[in-house]
Amino acid sequence: MKKLMLIGKVSCGKTTLCQYLTNQQMTYKKTQALTVMDNIIDTPGEYVERRQFYQALAVTSMGVDVVLLLQDPTDMTFTLPPGLQAMFQKPMVGVITKSDLITDEKQLIRAEKSLALAGAHPIFKICSMTGEGVEALIDYLTEDIE
């Protein structure tokens, strides 16, 4: 699999996806600093929530192949900045997490629009707790990405 950097708001599912991809036990823990597990860099949610940390994301992304931008569709309080992908010189893939918690199609549509406006492409819908959709994401991340 490619070397990845996971970014997204606090509690959007970055660490859970990282644990799933590295076959670790799923336990909640707040990521306080950049964490590296195998070929995955897990970033604190504050790095994408606060612009003063954008430089840290840009610098960190230089060592990865793909940036994964995660969005929790049930969180209606956060909008990703349009064109966020422009600060990375890497492909940015969108990941809608917590698909098992979607109760209204509007949540999914909002998450897709937010990721697309940020510049993420393609966009995957997953649930790290059940594994739904994760295999398609893994298959994509093992292909040659251009």
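In this predicted model, strands β1 and β4 pair in the parallel sense, over 4 bridges. Leucine 4 has valine 66 of β4 as its bridge partner. β1 also runs parallel to strand β3 (residues 40–42), joined by 3 bridges. There, leucine 6 stands opposite aspartate 42 of β3.

Which residues of β1 are buried on each side? Leu4 and Leu6 are buried on one side, Met5 and Ile7 on the other.

**Nonpolar cores**

The largest nonpolar core holds 20 residues. Those with the most contacts inside it are Met5, Ile7, Leu57, Leu69, Leu84 and Phe88. Six elements are listed as giving two or more residues: β1 (4–7), α2 (46–49), α3 (54–61), β4 (66–71), β5 (92–96) and α4 (105–118). Of these, α4 gives the most, with 4 residues.

Phenylalanine 88 is worth a look in the viewer. Leaving aside residues up to four places away in sequence, Phe88 touches Met5, Ile7, Leu57, Ala58, Ser61 and Val67. A second core is separate and has 19 residues. Among them are Met37, Val95, Val134 and Leu141.

**Helix α3**

Tyr54, Leu57, Thr60 and Ser61 are buried in α3. Why do the buried residues of α3 line one face of the helix? Seen down the axis of α3, they fall within an arc of 130°, so they share that face. Helix geometry gives the background: an α-helix has 3.6 residues a turn, so residues three or four places apart point the same way. Gln55 and Val59, on the other side of α3, are exposed. The cover over the buried residues of α3 includes β1, β3, α2 and β4.

**Cysteines**

How many disulfides are there? The count is 0. Cysteine 12 is in no disulfide: the nearest cysteine sulfur belongs to cysteine 18 and is 12 Å away. The cut-off for a disulfide is sulfur atoms within 2.5 Å. Cysteine 127 is in no disulfide either; the nearest cysteine sulfur, that of cysteine 12, is 13 Å away. Cysteine 12 counts as buried at 2% relative accessibility. Cysteine 127 is also buried, with a relative accessible area of 1%.

**Aromatic pairs**

The whole structure contains 2 aromatic pairs. Each is described by the distance of the ring centres and the angle of the planes.

| Pair | Centre to centre | Angle between planes | Class |
|---|---|---|---|
| Tyrosine 47 and phenylalanine 53 | 5.1 Å | 10° | stacked |
| Phenylalanine 124 and tyrosine 140 | 5.5 Å | 50° | tilted |

In the stacked pair, tyrosine 47 is buried, with a relative accessible area of 16%. Phenylalanine 53 counts as partly exposed, at 30% relative accessibility.

The tilted pair links distant parts of the chain. Phenylalanine 124 lies in strand β6 (residues 123–125) and tyrosine 140 in helix α5 (residues 134–142), 16 residues apart. Phenylalanine 124 is buried, with a relative accessible area of 13%.

Key
Residues numbered from 1 in each chain as written. Predicted model: local features only at pLDDT ≥ 70, side-chain atom pairs only at ≥ 80, totals over all residues. Heavy atoms only, no water. Core = buried A, V, L, I, M, F, W, Y, C linked by side-chain atoms within 4.5 Å. Buried < 20%, exposed > 50% of the residue type's maximum accessible area, 1.4 Å probe, protein only. Contact = heavy atoms within 4.5 Å. Pairing = 2+ DSSP bridges. Arc of directions from axis to C-beta. Phe/Tyr/Trp six-rings, centres within 6.5 Å; stacked < 30°, edge-to-face > 60°.
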